[in-house]
Amino acid sequence: MSSGIEQGKTKAGLFYKVQGEGNPIVMLHGFCGSSDYWEAVVPDMAQGYKVITPDLRGHGQSAVIGTEFGIEAMAQDIVELLDELGIAKAVLFGHSLGGYITLAFAEQYAARLSGFSLVHSTANPDAEQARENRLKAVKTIEEEGIRTFVDGLVPKLFAPEHVTTMPELVEQAKQIGYGTAPAGATGASLAMRSRPDRNHVLQETQLPVLIVAGELDQIVPPDKAFTVEGTHIEPVIIPAAGHMSMMETPDELVPVLRSFLQRVYG
C-alpha cells in the first residue's frame, strides 16, 4: 500500500497491520478497542521497528473466533499470527486486555519473546466486584447492544479532565468500540473474568519488562499496575494520563516505549 502499511488476515481470521522495518514489536489493544487505538503512536514506533498491530478476535476487523474462550486462546491467536508472518521472537506491548493476553503469552511462550510490556494493565485477577461487573457488561451488551455499552465504558477510560478537553478523542474511541462484534465483547468480558493471577509471571520471567501506568487511570491505577518489583521490571507513570495514554498523551508514551526497546534490542 502507498501508505507503507500492509494489511492481512491470519487463517483463523485475525486482522492485522504491519508498518516499518526492523526488530518486530506487536501492540495489542484493549477491550472494545482495535488496532486503531495505536494510530497516534505507530508512525513514530515504526521508525526503526517492524510494528504489528492486530485486532483481537471479535474486535475491529477480526472474525469472532468462537464465543467461549479464555485469555490463553487469545494469546494463541498471537502465536499463530507470528508464525504466519515468519517471526520467531518479538516484543509484546499489551494495553489493558492486551496486557492480560501478553502475560498469558509470556507464561506459555516465553521463548517467542525478547521482552514485554503491560500498558495500563495488571497481573492481578479480577476482584469480586470486577467479576460481577463483567456479568453486568455481558447483560448490557446482550440486552441493550454494543453502542449503549461502549457509550458507558469509554468516558471512564480517559482522565476525567480529558473527557471535557478531548471530546474528539473520546468520540473516536467510541466509534472504534462500536465496531466490536457483540459476541467478541461478551466473550472477551467472560475471558477477563476467569483469568488467573499472573503475578508469578512477572516475578519469574527472565525477560525485560516495562510496566506503564497512567497517573489518573480510573480502571487500573498505578498501585494495581505495579504489583511486582525487580531489577528486570521498569515501572513508569505517564503524567496526566488516564487508561488511554496512546490517545491522550502519545508524545509522552512514545519515548517511554522506544527507550524500553533500546534496552531490549540495543
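**Close-up 1. E107 and R198 meet through their side chains in a salt bridge (2.9 Å, N to O).** A salt bridge here is a side-chain nitrogen of Lys or Arg within 4 Å of a carboxyl oxygen of Asp or Glu. The partners sit 91 residues apart, with E107 in helix α3 (residues 97-108) and R198 in the loop between α8 (182-193) and α9 (199-204). Helices (H or I, at least four residues) and strands (E, at least two) are DSSP runs, numbered from the N terminus. Salt bridges with shared partners join E72, E107 and R198 into one network. This is a predicted model, where local features need pLDDT of at least 70, side-chain atom pairs count only at pLDDT 80 or more, and totals for chains, interfaces and linings use all residues. Residues are numbered from 1 along each chain as its sequence is written, and side-chain values use heavy atoms, leaving out hydrogens and water.

**Close-up 2. K17 pairs with D36 in a salt bridge, with the closest N and O atoms 2.8 Å apart.** K17 belongs to strand β2 (residues 15-19) and D36 to the loop between β3 (23-28) and α1 (42-45), so the pair ties together parts 19 residues apart in sequence. K17 is buried, at a relative accessible area of 16%, while D36 is partly exposed at 30%. Buried means under 20% relative accessible area, exposed over 50%, and partly exposed in between (1.4 Å probe, protein chains only).

**Close-up 3. R57 and D77 form a salt bridge through their side chains (2.7 Å, N to O).** R57 lies in the loop between β4 (49-54) and α2 (71-85), and D77 in helix α2, 20 residues apart. Both R57 and D77 are buried.
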